[in-house]
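Hi everyone, thanks for coming. I'd like to walk you through one fold today, so please have the picture up while I talk.

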Amino acid sequence: MRPDAVVFDVDGTLVESEQDGHRVAFNRAFEEAGLPDRWDRATYRRLLAVPGGRPRLTTWFVSRGRSAAEAETLAASLHARKSELMRELCAAGEVPARPGVAELLGELAGAGIDLHVATTGSPGWVLPLLARRFGPLFDVVVTGADVARLKPDPEAYLEVLRRTGRPADRVVAVEDSTAGVRAAVAAGLRCLAVRNDDTREDDVHAADLVVDEYADPRVRPWLSLLAAERALRPGAAAHQPLGRC
Ligand code: XBP
Ligand code: MG
């Protein structure tokens with residue numbers, strides 16, 4: 001059946017934020033701190049396997065030979081500055097929405113489907129970026145600061161379900177990565193995976209439908225939007241069930 005709500009991931013799903021947003025912010029933070037570290041695109045793509053900017057920094061510094069304690073301390077201070085730099089990049093319009101997502105969001109909202117967010121990202125840049133790119137479209141927004149365990153743990157999605165009071169079987173998730181799909185599926189949600197250049201090789205087989213762009217002709221039928229449109233017109237056919245493609 002048509003979902004009551006759709007929960008969107010942020011990085012790589014709603015916005016193209018990683019390579020020209022986060023990666024640039026991390027490198028600027030390294031430079032400001034006088035550190036020699038720099039992440040090129042290939043290195044950063046590999047590091048995306050570690051969810052969370054701060055754990056990503058810690059993992060990096062340990063891999064470069066620093067002690068766990070030193071890596072943690074350095075990661076904490078650098079991540080705070082990186083988040084400020086990412087907020088500035090978002091405010092400067094450097095982080096675009098993914099092609100086609102704004103149109104889909106408008107159709108979902110027009111069909112009376114509630115919209116929410118579940119992200120690992122930090123609220124300092126997530127909230128102003130969502131407001132700038134999408135206005136007040138999202139009702140519940142759960143960020144990395146609202147949970148004790150980041151994706152692939154299901155906590156962020158379970159928190160959206162808790163706050164909305166919706167049962168998992170009436171809610172759909174839209175994700176882009178292995179960690180995100182695993183988190184949504186572990187929370188009991190059906191999941192649409194919209195891969196991108198950084199997650200093309202990700203294991204997202206647990207998703208119900210996997211596409212590479214929002215314009216894929218399978219997306220809307222799967223979300224039963226077309227059925228919803230028909231249902232809104234007199235003499236329309238009954239809803240198509242939400243397919244498990
Ligand atoms: C993706 C992440 C985030 C970002 C960096 O989150 O893993 O950590 O890469 O943002 P999602 P922070 O796809 O769930 O939105 O530095 O704020 O963590
Ligand atoms: Mg993501």
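Let me begin with a question: which residue in S5 does valine 174 stand opposite? Leucine 192.

Before going further, some housekeeping. This is a predicted model, where local features need pLDDT of at least 70 and side-chain atom pairs count only at pLDDT 80 or more, while totals for chains, interfaces and linings use all residues. Residues are numbered from 1 along each chain as its sequence is written, chains are lettered from A and ligands numbered from 1 in the order in which they are written, and side-chain values use heavy atoms, with hydrogens and water left out. When I say helix or strand, I mean DSSP runs numbered from the N terminus: H or I with at least four residues for helices, E with at least two for strands.

Now, the sheet. It is open, with six strands in the order S3-S2-S1-S4-S5-S6 and parallel pairing. Two strands count as paired if DSSP finds at least two bridges between them. Strand S3 (141-142) and strand S6 (209-211) are the edges; each has a single partner strand, so one side of each is left without a neighbour in the sheet. As a reminder, strands of a sheet pair through backbone hydrogen bonds.

Let's go along the pairs. S2 and S3 are joined by two bridges, and there alanine 118 of the pair stands opposite valine 142 in S3. S1 and S2 share four bridges in the parallel sense, with leucine 115 in S2 as the bridge partner of valine 6. S4 and S5 also pair in the parallel sense, over four bridges. Finally, three bridges join strand S5 (residues 190-194) to S6, and alanine 193 has valine 210 as its partner in S6.

How covered are these strands? Four of the five residues of S2 are buried, so S2 is largely enclosed by the rest of the structure. In S5, five of its five residues are buried. Arg190, Leu192 and Val194 lie on one side of S5, Cys191 and Ala193 on the other.

On to the helices. Helix H7 (residues 155-164) lies across strand S1 (5-8), strand S2 (114-118), S3 and strand S4 (171-175), and runs at about 145° to S2. That angle, from 0 to 180 degrees, is between N-to-C directions of axes fitted to C-alpha atoms, for helices over the stretch in contact. Contact means heavy atoms within 4.5 Å. The buried residues of helix H8 pack against H7, S4 and S5.

Just after H6, glycine 135 takes a positive phi of about 65°.

What about the hydrophobic interior? A nonpolar core here is a set of buried Ala, Val, Leu, Ile, Met, Phe, Trp, Tyr and Cys residues joined through side-chain atoms within 4.5 Å. The largest has 51 residues, and Phe8, Leu14 and Phe138 touch the most other members. Helix H4 (residues 68-91) contributes the most, with eight residues. A second, separate core has 22 residues, including Val160, Val171, Ala193 and Ala207.

Leaving aside neighbours within four places in sequence, phenylalanine 138 contacts Phe8, Leu14, Leu105, Leu115, His116, Val117 and Leu130.

Last stop: the loop between S3 and H7. Threonine 143 is found there, buried with a relative accessible area of 2%. Beyond four places in sequence, threonine 143 is in contact with Thr119, Gly121, Pro123 and Val126. Proline 152 has its place in that loop too, and a cis peptide bond joins lysine 151 to proline 152, with omega about 10°. In general, most peptide bonds are trans.

How values were computed. Buried means under 20% relative accessible area, exposed over 50%, partly exposed in between (1.4 Å probe, protein chains only).
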